[in-house]
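Work through the following exercises with the structure open beside you, and try each task before reading its solution.

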Amino acid sequence: MDSHATSIDVTEGGLVLARVLAPLKSAVKTPVERGKARPRPAGRPVRPRVVVVGAGFAGLNAARVLARGGALVALADPRPYTTFQPLLYQVATAGINAGDVAYPLRTFAGNYPNMRVRVSRLSNLHLDDKRVELADGTAIDYDYLVLATGVTTSWLGIKGAQEHAMPTYSVRDAVALRERIQRCLEETAEGKRSSTHVVIVGGGATGVETAGVLAELRRRTIPLTHPEIRPEQISVTLVERFDYVLAPYKPRLRDAAANALRKRGVNLRLGSSVAAVEPDAVILGDGTRLHSDVTIWAPGVIAPKEVADCGLPQGKGGRVIVTEALNLEDHPEVFVAGDLALSPQPLPQVAQPAIQMGKHVGRQILAAAQGRPVRPFSYRDPGIMAIVGRAEAVIQLRNGMTMHGLLPWLAWIFVHIAYLLGGRNRITVLNDFFWRYLGPRHSAASVAE
């Protein structure tokens, strides 16, 4: 009796205990169960893995937005630094140091614990497998991809251009050009060379700004630093196929820029095409031969070869064709930003569109990762500006207002300083600008290495 009663008590107690522990058991899971507790929704990553290829204006701004939004970002670029390209002509003309327009990518990424840097060039894309293959033989899987490689120099199929002309599209290009100009000046001063004639091909912002600086050095600085050189031994010529310079600007500003260049002694060859480039000359379409000791090439750009080889849809200049949201029609997880993107409404290949595209792409990827629809890109035009020389620049605002002279020149300086990365770079470049334009004439081209 007692034994049977005890047995009943134990059974009932076990049932009660089981009922009490049941909720706890369902709450406490084994390690295997914990791993399966919250399956990741298909196609909707919790922290999206994003590969950003290219560390220019677009790439860096996309990477910054993504990292701040919690994405796992891999930033890939062939160089361990980013370059502030709008000031490369200042490096080429010995106004500022090369290091002042460069900023280490790992220093940039160090601000974000969820960002990693890969120093390698794009080799191939496996869009169906969502994998990026790099030139160092490694590969990175992604949930979303941002292509922001930028563009490179276009030689336009002109004979001899790639062999004998010098571009200004990278730090190395700018340093090589600076050394070439300095060497020619020294050889001319020593009597080893008869002249230092510079011919610049391309009347866009880069060509105009380079011509303006070189003309002022010819007129104000070289007579002091190289007194052995006679004025007729050095010249600056700008060749442009249109009948005007600065094509994106209004006629009033084009004329103001052209007049400012002529005033500084630049020989303008407007409405002239280039037929060939030789080691010591530029041959124009009408057969005119311009003697050239240094030929600077700045007429246009094209998509880099590694992008062209990836089988992406391409349009004019090799730019990748994208939707209004800046992604690919067939692969919406792939976004393209900056100079490389050819959107339904083509934009100028300058810094502001690239910056805004990068930010937009970053925001759309974060939205898509959360299951929200992507939005079309809308460009907010802040205006365009170009510097012609000392105390002379042109600016065109979005409302159509135009200005040229001292105030636009000061605005140009401070806007470019503001967009530089790194406080040291900003301070150094600001000092170099005022030293070049407001300091002693003999020190306007004082950078040696």
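**Exercise 1.** Find how the side chains of Asp 309 and Lys 305 meet, and state how exposed Lys 305 is.

*Solution.* The two side chains, Asp 309 and Lys 305, form a salt bridge with an N to O distance of 2.7 Å, where a salt bridge is a side-chain nitrogen of Lys or Arg within 4 Å of a carboxyl oxygen of Asp or Glu. Lys 305 counts as exposed at 59% relative accessibility, given that buried means under 20% relative accessible area, exposed over 50%, and partly exposed in between (1.4 Å probe, protein chains only). This is a predicted model, in which local features need pLDDT of at least 70 and side-chain atom pairs count only at pLDDT 80 or more, while totals for chains, interfaces and linings use all residues. Residues are numbered from 1 along each chain as its sequence is written, and side-chain values use heavy atoms, with hydrogens and water left out.

**Exercise 2.** Determine which residue Arg 264 pairs with in a salt bridge, and whether each partner is buried or exposed.

*Solution.* Begin with the pair itself: Arg 264 forms a salt bridge with Glu 216, and their closest N and O atoms are 2.8 Å apart. Because Arg 264 lies in the loop between α9 (251-263) and β14 (267-270) and Glu 216 in helix α8, the pair ties together parts that are 48 residues apart in sequence; helices (H or I, at least four residues) and strands (E, at least two) are DSSP runs, numbered from the N terminus. Finally, Arg 264 counts as buried at 9% relative accessibility, and Glu 216 counts as buried at 8%.
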